Amino acid sequence: MSEYDVAKVRAHFPALESGLTFFDGPGGSQTPDVVGEAVRATLVGPLSNRGELTSAQENAERAVLGSREALAELLGATADGIVWGRSFTQLTMDLSRTMAKDWGPGDEVVVTRLDHDANVRPWVLAAEAVGATVRWVDFDPETAELSMDSLEGVIGARTRLVAVTGASNLLGTRPDLPAVAERAHAAGAWLYVDAVHLTPHASVSLAESGVDFLGCSTYKFLGPHAAVVAGKEELLERLRPDKLAPASDRVPERFELGTLPYELMAGAIAAVEFLADLAPGGATTLRERLEASMAAVEAHEDRLRERVEEGLRALPGVTLHSRAAVRTPTVLATFAGHDAEDVSRHLAARGINAPAGSFYAYEPARRLGLGEEGGLRMGLAPYSDDSDVDRLLEALAELA
């Protein structure tokens, strides 16, 4: 693997010219120039609804099919298993209601206290609507690890679906997805994974992980504001969502309501291609290039994360809540004598974006005893560098 050239990466991000430092990647990454150019070119070029008669129709068709292929390569899925939507929350709400059509009293749905509420509340509401039972899997606040023993005791013969995060957006914890998939499938249940926070930081594969449905948000990995769920085609074929009468019944179109956002799809293609070029080397296929790039990104971000954590541990009164053995470069911290929001304001006054809160991770924040106030979340991205870490630690040292 060639050395990661972060300076070359940073040159593609106009936002970095503002002088701000960004540790808010878990809430949404900055956007490289090539993605903005792709969105603009699609919007101002000939564009109409999909078809094959004119260049305007062909441009729309190319954006749809090209984005399905690109996201399938990124997620280790198939192009016809890629469902587009406005957000992961919207897609999960829609899919939960559709799946619940086949549930009833006596059926069970499993959710975890580690998850963002977008992968909890849709399943809770859908289960309640049809009289199904919701069962919970806990995590250990001391280690920030998902309890696999608890999972074993909760999944059973009545389980229809297990919903789990690929990586906690609050703590960074990465559960063992193949192990969860094995337990879910042994009970005959489907596994639905929130990979919104995992996809920007590691190589992801629907096929290799054994996951049935996997969702992500393109704006978390350098793309525009949209989301997809990758699903196994044979399972998507079994689902009958509510839709308009003339709308296509094909998979995945049957799940996509109304005209698709062609310009955002074009931006997503550009984002995937940009990711694939972060680690130039001998790889040839798009999937191979993505795997090499994400391995380089992971190594780069982990090194910086270790620097952040080491610096925070050296400061008095700091508690690090991100402790899992396998985690993303996301650090949640609280500061004795300082509200997390006050620390965030202190950093903002020095040009550093590091927000405070629970970030819709309602259950884990409560389980940690942090409530809605949460903590200060510092997240790294492919464009983060050592000067960013220096600036963050120097600003936090002022509080100490």
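Predicted model: local features only at pLDDT ≥ 70, side-chain atom pairs only at ≥ 80, totals over all residues.
Two strands pair, in what I'll say today, if DSSP finds at least two bridges between them. Helices (H or I, at least four residues) and strands (E, at least two) are DSSP runs, numbered from the N terminus. With that settled, hello everyone, and here is the structure.

Residues are numbered from 1 along each chain as its sequence is written, and side-chain values use heavy atoms, with hydrogens and water left out.

Let's begin with the sheet of 7 strands. Its order is β2-β10-β9-β8-β7-β3-β4, it is open, and the pairing is mixed. At the edges we find β2 (82-85) and β4, each pairing on one side only. From one strand to the next, the twist averages 20°; angles here run from 0 to 180 degrees between N-to-C directions, and axes are lines fitted to C-alpha atoms, for helices over the stretch in contact.

Now walk in from the β2 end. β2 and β10 are antiparallel, with 4 bridges between them, and glycine 85 has alanine 227 of β10 as its bridge partner. Then β9 (213-217) and β10 (227-231) run antiparallel, joined by 5 bridges; there, cysteine 216 is partnered with valine 228 in β10.

What about burial? I call a residue buried under 20% relative accessible area, exposed over 50%, and partly exposed in between (1.4 Å probe, protein chains only). Both faces of β2 are covered, with Ile82 and Trp84 buried on one side and Val83 and Gly85 buried on the other.

Helix α5 (121-130) also belongs in this part of the talk. Its buried residues are Pro122, Trp123, Val124, Ala126 and Ala127. Which elements do the buried residues of α5 pack against? They are α4 (88-99), β3 (108-112), β4 (133-137), β7 (159-165) and β8 (190-194), where contact means heavy atoms within 4.5 Å. Just after α5 comes glycine 131, with a positive phi of about 80°.

That brings me to backbone geometry. Most residues other than glycine have a negative phi, and most peptide bonds are trans. Leucine 222 is not a glycine, yet its phi is positive, about 80°. You'll find leucine 222 in the loop between β9 and β10, and it counts as buried because its relative accessible area is 1%. One of the contacts of leucine 222 is glutamine 30. Glutamine 30 sits in the loop between β1 (21-22) and α2 (33-44); its relative accessibility is 16%, so it counts as buried. Setting aside neighbours within four places in sequence, glutamine 30 also touches Phe13, Ala15, Phe22, Asp24 and Tyr383. As for peptide bonds, the one joining valine 251 and proline 252 is cis, with omega about 10°. Proline 252 lies in the loop between α9 (233-236) and α10 (262-276).

On to the other sheet. Here 4 strands form an open, antiparallel sheet in the order β11-β12-β15-β14. β11 (318-320) and β14 (356-357) are at the edges with a single partner strand each, so one side of each has no neighbour in the sheet. Between β14 and β15 there are 2 bridges, in the antiparallel sense, and alanine 356 has leucine 376 in β15 as its bridge partner. Helix α12 (340-348) packs on this sheet, touching β12 (330-335), β14 and β15, and its direction makes about 45° with that of β15.

From α12, Val343, His346 and Leu347 meet Leu392, Ala395, Leu396, Glu398 and Leu399 of α14.

One last stop is phenylalanine 359, in the loop between β14 and α13. This residue other than glycine has a positive phi, near 55°, and counts as buried because its relative accessibility is 17%. Thanks, everyone!
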